[in-house]
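This note is intended for a colleague who meets the structure for the first time. Please read the numbered points with the sequence and the model side by side.

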Amino acid sequence: MQKDVTISIFEVVGSPLCVASSDGQKIYERLAAALKEDRSVTLSFHNVSTLTSAFLNAAVGQLYGEFSEEQIRSLLKVQDMQPDDMALLKRVVETAKQYFKDPQKFDQAVQDTLGDENDGE
Amino acid sequence: MLPEIRHGQSGYQALVRLVGATKTCIFEDIDIDMGATAWFDADMCAALGAILYRLGESLNTVRLTNIRPGVENILLKNGFLSHYGREKIPDRWGTTIPYRRFDAKDDRFFADYIENELIHRSEMPAMSSGLLKKFRESIFEIFSNAVLHSHSKLGIFSCGQFFPKRDRLDFSVADLGVGMCQNIKDNTGLDLSPEAAIAWATEGRNTTKRGPVPGGLGLKLLVEFIDLNGGCIQIVSDAGYWRREKGKTLTASLVHAFPGTVVTVEINTADTNSYKLTSELSAADIF
């Protein structure tokens, strides 16, 4: 049986402040490498004090462009997360699913605005 | 001649007038007469600093003259005038959050600055741990937004001030990037007015992000937090002005364009919201 992988965000970023998209990218690269090998991954938020959507979009949101929801749901787990951080991650995940699964809807938002603009003319 | 610079639309109008008046200056000596500047809200140093830095890039020599003692005192304490040949003076009451310029890659320096100069300062008003966390996240969202969207090569400028008696903390981040209007046009094809562009960026699922990393949450989170906190947020980008306070939004057009974007937040430090979630989310429900 293959060993589960644990990725400590604190260890990779080297700081409790996980705010930069570039730091999120480092996490993404490790997560993607593990998921490509069909490994179960636990992402540990131990000792992380501050998160931003920019960091989480790069680290986790980006996964939805490369892996299916089923793959991510079955292989990826999080631990040691504060409830409000979980809520932020959930929003990032929902946004990412829409961004990748339904690009037309994102474009629709643009079209709707264009429509409003044109109506106003 | 620079008039009073207050944290608001009139202050930004005055600053963009300075941009308009110096637009064509290259290799010039520019004296900015501050004799009429009877008041200067310290966080507006971020926007003024960005404007003056850009003038320096065009090899102009900028001098700030006739600064009134009260204003001079603030600008010396927060280190702004250190950029213009003066020495920083101690901040006896510890109410200034120093003026700084960062490069887009300086996210670690910015994080240290926020921790040392804002969060862990003994003079900071006592805020609930929930508020402090949300506040800190919001500041980082603003900085990340500037890094991700502005493509600013000239840097990111920040400054703040808190007002213990009014339970308010003002903080501004300015960049010298492409501005929201141009960024939206380049990435979505939408040709919006500068103020409509700001409104667009703060609404719904709108994002200019394209490519492998999704986006479009940062500004919305910021606006949600400010609405709950009872504070105020102002955004200036290009010639657009956008303000949200008590759930109401105001937009206006400025007389000239700011050469980038400024985000200014006013936080209610006496906010007693717990920011704790009413329903527990399970880790198993996230993905």
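Predicted model: local features only at pLDDT ≥ 70, side-chain atom pairs only at ≥ 80, totals over all residues.

How many bridges join β3(A) to β5(A), and in which direction do the two strands run?

1. The strands of chain A. The answer is 4 bridges, with β3(A) and β5(A) running parallel. One residue pair of this kind links T42(A) to K77(A), its bridge partner in β5(A). β1(A) is likewise joined to β3(A), residues 41–44, by 4 bridges, and this pair runs parallel. Here V5(A) has V41(A) as its bridge partner in β3(A), and T6(A) has T42(A). Taken together, 3 strands form an open sheet in the order β1-β3-β5 of chain A, with parallel pairing. The edges are β1(A), residues 5–8, and β5(A), each of which pairs on one side only. On average, neighbouring strands of this sheet are turned by 25° against each other, direction ignored. Strands of a sheet pair through backbone hydrogen bonds, in either a parallel or an antiparallel manner.

2. The two faces of β3(A). Which residues of β3(A) lie on its covered face, and which on its uncovered one? V41(A) and L43(A) make up the covered face, while T42(A) and S44(A) make up the uncovered face.

3. The interface between the chains. On the side of chain A, 39 residues are in contact with 29 residues of chain B. At least two residues each are supplied by α3 (53–59), α4 (69–75), β5 (76–79), α5 (83–101) and α6 (103–120) of chain A. The largest share, 13 residues, comes from α5(A). By type, the side of chain A that touches chain B divides into 21 nonpolar, 13 polar and 5 charged residues.

4. The overall form of chain B. Chain B has 8 helices and 7 strands. Its radius of gyration is 19 Å, close to the 19 Å that the globule rule gives for 287 residues, so chain B is as compact as a globular protein of that length. Along the principal axes, its C-alpha atoms fill a box of roughly 60 × 50 × 35 Å. Of the 287 residues of chain B, 50% count as buried. Among contacts in chain B with a separation of 6 or more, 71% are between residues 24 or more positions apart.

5. A helix pair in chain B. Helix α1(B), residues 9–21, and helix α2(B), residues 45–57, have axes that come within 10 Å and cross at roughly 0°. This crossing makes α1(B) roughly parallel to α2(B). L15(B), L18(B) and V19(B) of α1(B) form the contact with A47(B), L48(B) and I51(B) of α2(B). The residues of this contact are 6 nonpolar, with no polar and no charged ones.

6. Is S253(B) buried, exposed or partly exposed? S253(B) is partly exposed, because 13 other C-beta atoms lie within 10 Å. S253(B) belongs to strand β7(B), residues 248–268. Leaving aside residues up to four places away in sequence, S253(B) touches P194(B), E195(B), A239(B) and G240(B). S253(B) and E4(B) are 249 residues apart in sequence and 19 Å apart in space, C-alpha to C-alpha.

Notes: Residues numbered from 1 in each chain as written. Chains lettered and ligands numbered in written order. Axes fitted to C-alpha atoms, helices over the stretch in contact; angles between N-to-C directions. Parallel < 35°, antiparallel > 145°, perpendicular 65-115°, else oblique. Contact = placed C-beta atoms within 7 Å. Nonpolar A, V, L, I, M, F, W, Y, C, P; charged D, E, K, R; others polar. Pairing = 2+ DSSP bridges. Rg over C-alpha atoms; globule rule 2.2 N^0.38 Å. Buried ≥ 20, exposed ≤ 12 C-beta atoms within 10 Å, placed from the backbone.
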